[in-house]
Amino acid sequence: MSILHLDSGLFIEQSVSRKLSKQIVQRIAKADDTVVYRDLVSNPVPHLDAETLLAENNELTQTLLDEVFAADTLVIGAPMYNFTIPTQLKAWLDRILKAGVTFKYTEQGPEGLLKGKKVYIASGRGGIYSEGAAAAMDHQESYLRNALGFVGITDITVIRAEGVNLGEEPRQQALAAADEAIAELA
């Protein structure tokens, strides 16, 4: 199996999503698996511009596409910043959501071309956004599910630690629940 591991948490040492994504990879990877790691903060993908979008041959974009096509499984460390994903992760998505490559338009609508892949999203959130009134502000997990689904990736498991900034007890409870969910992964 080939695993593409992406991290986008800005606070490298304190990041909950980085901690969870690392644990997920350790849990699912077998000794003979290939793991490709891409730290989108330490080695950021430049934001998309018109020249890059129109370029037929962009070396970085091709490398990112090669990585995602080669991967059987993606593990994405995705914290919630301001109700959505970090711009570093958005820049990566802007490179891999590519018409004619990872999706195509048909008479029946868009069709994803990255089918058969598994994704684990390691989601870190300071507040509670999975339920209640704040759920309407979730543009993090919902965006990732929609963007990945658009390219054909629908087998998505979210491991979430939320409420980590609501005090020490809620933080420990959130991390323990996430640890438990990771332990149950096959």
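Tutor: Helices here are DSSP runs of H or I with at least four residues, strands are runs of E with at least two, and both are numbered from the N terminus. Keep in mind that this is a predicted model. With those terms, N82 sits in the loop between strand 3 and helix 4.

Student: Why is N82 called exposed?

Tutor: Exposed means over 50% relative accessible area, and N82 has 70%, so N82 is exposed. N82 also has a phi near 50°, a positive value in a residue other than glycine.

Student: What makes the phi of F83 worth a look?

Tutor: F83 is not a glycine, yet its phi is positive, at about 75°. Most residues other than glycine have a negative phi. F83 lies in the loop between strand 3 and helix 4. Its relative accessibility is 35%, between the 20% and 50% limits, so F83 counts as partly exposed.

Student: How do you know that helix 4 is mostly covered?

Tutor: Helix 4 spans residues 87-96, and seven of its 10 residues are buried, that is, under 20% relative accessible area. Those buried residues are Q88, L89, A91, W92, L93, R95 and I96. Among the elements that cover them are strand 1 (2-7), helix 3 (59-70), strand 3 (73-79) and helix 5 (141-150).

Student: What makes L89 and W92 stand out in the largest nonpolar core?

Tutor: Of the 27 residues in that core, L89 and W92 touch the most other members. Strand 1, helix 3, strand 3, helix 4, strand 6, helix 5 and strand 7 (155-162) each supply at least two residues of this core. Helix 4 gives the most, with five residues. Beyond its neighbours up to four places away in sequence, L89 touches S8, L40, I76, A78 and L144. There is also a second, separate core of 17 residues, which includes I28, Y120, A174 and I182.

Student: Why is R38 called buried?

Tutor: The limit for buried is under 20%, and R38 has 12% relative accessibility, so R38 counts as buried. R38 lies in strand 2. Leaving aside neighbours within four places in sequence, its contacts are H5, L6, D7, N43, T63, L64, E67 and W92.

Student: How far apart are V41 and L53, in sequence and in space?

Tutor: V41 and L53 are 12 residues apart in sequence and 21 Å apart in space, C-alpha to C-alpha. V41 is in the loop between strand 2 and helix 2. Apart from residues up to four places away in sequence, V41 touches D7, S8, G9, L10, R18 and Q88.

Technical notes
Residues are numbered from 1 along each chain as its sequence is written. This is a predicted model: local features need pLDDT of at least 70, side-chain atom pairs count only at pLDDT 80 or more; totals for chains, interfaces and linings use all residues. Side-chain values use heavy atoms; hydrogens and water are left out. Buried means under 20% relative accessible area, exposed over 50%, partly exposed in between (1.4 Å probe, protein chains only). Contact means heavy atoms within 4.5 Å. A nonpolar core is a set of buried Ala, Val, Leu, Ile, Met, Phe, Trp, Tyr and Cys residues joined through side-chain atoms within 4.5 Å.
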